[in-house]
Amino acid sequence: MFIKYRDKVKQKRETNATKKQVGGSHYKKYAVQPIEYAQKNRLNALEFNIIKYATRHQDKGGIQDIEKIIHCAELIKELEYDKDKRKK
């Protein structure tokens, strides 16, 4: 059978990796996925994690996600801004 063009387009949209989520639906309701934001703004892993946890904390991790944000920020501070301290 022939598949109509619009059905092919619909199938392509459904298989787009940024349109699906494995293991929940806490990101699907947002206009911009955290990974899309991170990629477009060239964030490193720790910066991405802060965005990810801030986005989902009300829907998934609660206070634990806030604690993860703080931990990631402390890691950024230590690894990026305390370089002079580590050399001494």
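Contact is taken here to mean heavy atoms within 4.5 Å. The structure is a predicted model, in which local features need pLDDT of at least 70 and side-chain atom pairs count only at pLDDT 80 or more, whereas totals for chains, interfaces and linings use all residues. Residues are numbered from 1 along each chain as its sequence is written, and side-chain values use heavy atoms, with hydrogens and water left out.

The protein contains five helices and zero strands, and its elements follow one another from the N terminus as α-α-α-α-α; helices (H or I, at least four residues) and strands (E, at least two) are DSSP runs, numbered from the N terminus. Of its 88 residues, 17% count as buried, where buried denotes under 20% relative accessible area, exposed over 50%, and partly exposed the range in between (1.4 Å probe, protein chains only). The protein exposes about 7,600 Å², of which carbon and sulfur atoms supply 53%, with accessible areas computed by the Shrake-Rupley method with a 1.4 Å probe and, for residues, only the protein chains shown counting as cover. Among contacts between residues at least 6 apart in sequence, 31% join residues at least 24 apart.

Helix α4, formed by residues 63-81, has 19 residues and reaches 26 Å from its first C-alpha to its last, close to the 27 Å expected at 1.5 Å a residue; the expected span is 1.5 Å times one less than the number of residues in the helix. The buried residues of α4 are Asp65, Ile69, Cys72 and Ile76. These residues lie on the same side of α4 because they cover an arc of only 65° around the axis, the arc being that of the directions from the helix axis to the C-beta atoms. An α-helix has 3.6 residues a turn, so residues three or four places apart point the same way. The buried residues of α4 pack against α3 (45-56), while Ile63 and Lys77, on the other side of α4, are exposed.

Two loop residues were also examined. Gln33 is found in the loop between α1 (5-15) and α2 (34-40), and this residue counts as buried because its relative accessibility is 14%. When residues up to four places away in sequence are not counted, Gln33 touches Thr18, Tyr27 and Lys28. Arg42, by contrast, lies in the loop between α2 and α3 and is exposed, with a relative accessible area of 76%. The phi angle of Arg42 is near 50°, a positive value in a residue other than glycine.
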